[in-house]
Amino acid sequence: MPDRPAPHRVAVIAPSPVALFNLAMPEMLFGKVEVDGRPGYEVVVCTAEPGPLPTTGGLDLYVPHGLEAVREADTVVVAGTGAPFEPDPRIVAAVREAAAAGKRVASICTGAFQLAEAGLLQGRRATTYWAHADEMRRRYPQVDLRGDVLYVQDGPFLTSSGYAAGIDLCLHVIRTDYGAAVANEVARGALVAPVRPGGQAQFTHTPLPPERGDACADTRGWAMRHLDRPLTLADLARHAGVSVRTLTRRFHAESGVSPLQWLLHQRVERARELLETTTLPMDRVAAACGLGTADSLRVHVVRRTGLTPSAYRAQFGRHGTATGTVTSSVA
């Protein structure tokens, strides 16, 4: 009888201080894979300095294995850390060596900074936790950073965005190694969503640049109370008591975007709120946030989130017994 193939070896590197959730995901998901009644993966957690390892939650975790485990691995996964902007040179060297040996190298959340520091992501598509995307662009301008996706694979290198997107990355790896049926079985066993495409958007409330003044604050507040109306530049300028040109200049100086860009952002954010908290039909959601029609609502929600309004509501709805009533303040 021919020998059965050995389990695929995964080394999970824990930078200091490590994010415990990041560290738990690979072991939990890869550890559930069985092929012909045998484990599909052998997972080893390692760190640059074996022994007590600080975590972002204030606990110490004992990790007995050093980075020599990377040399024995087929796949290397770097977990996120609470010190993303201080890549450990020992970890950087280990992942660089792993890549040179032809190993698959992945990161979860801020672990991408270790890969970028090693030069593995130069000229490649990658992602990281959205809150640190601007800093990654500043530090590593040669990385083709995709700030609005769950995970990215470019050649042998994989990166995921923050928190639970690491689950999606691990399921993608399992699917790649053992097929969709095995990956979906693992997902069911772990009570998580089946394999999702990496291009699906990170579900974040995309922030506008911080406001740098309050000359237009009253007009912004007035517009927020009247998002259900088809407001124009002239309407905003009239409320502010200035010309359209002056309003545009002041608005951009304070908000970093044009008045209409700001207005569209607020309309879509209101739409997301209504989809999450009410059972309103799509045409009424569109009307309540000033997007006009259900078709227009669909276009803008898909552009922002990667999901249709119905899919967004199904995934994020928390309306419970909400009545679906919407009120609009009057100035």
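This is a predicted model: local features need pLDDT of at least 70, side-chain atom pairs count only at pLDDT 80 or more; totals for chains, interfaces and linings use all residues.
**Exercise 1. Helix packing**

Task: Determine how helix α9 and helix α10 are oriented to each other, and which residues meet.

Solution: 
- Locate the helices. α9 covers residues 233-240 and α10 covers residues 244-255.
- Take the geometry. The two pack at an angle of about 85°, and their axes lie 9 Å apart.
- Apply the cut-off. Angles of 65 to 115 degrees count as roughly perpendicular, so α9 and α10 are roughly perpendicular to each other.
- List the contacts. From α9 come L233, A234, L236, A237 and A240; from α10 come V244, L247 and T248.
- Sort by class. The contact of α9 with α10 has seven nonpolar residues, one polar and no charged residues.

**Exercise 2. Strand β1**

Task: Describe the surroundings of strand β1 and its pairing with β4 and β7.

Solution: 
- Start with burial. β1 spans residues 8-13, and five of its six residues are buried, so the strand is largely enclosed by the rest of the structure.
- Take β4, residues 41-46. β1 pairs with β4 in the parallel sense over six bridges. H8 stands opposite Y41 in β4.
- Take β7, residues 75-78. β1 pairs with β7 in the parallel sense over four bridges. The bridge partner of V10 in β7 is T75.

Definitions and conventions: Residues are numbered from 1 along each chain as its sequence is written. Side-chain values use heavy atoms; hydrogens and water are left out. Axes are lines fitted to C-alpha atoms, for helices over the stretch in contact, and angles run from 0 to 180 degrees between N-to-C directions. Angles under 35 degrees count as roughly parallel, over 145 as roughly antiparallel, 65 to 115 as roughly perpendicular and the rest as oblique. Contact means heavy atoms within 4.5 Å. Ala, Val, Leu, Ile, Met, Phe, Trp, Tyr, Cys and Pro count as nonpolar, Asp, Glu, Lys and Arg as charged, and the others, Gly among them, as polar. Buried means under 20% relative accessible area, exposed over 50%, partly exposed in between (1.4 Å probe, protein chains only). Two strands pair if DSSP finds at least two bridges between them.
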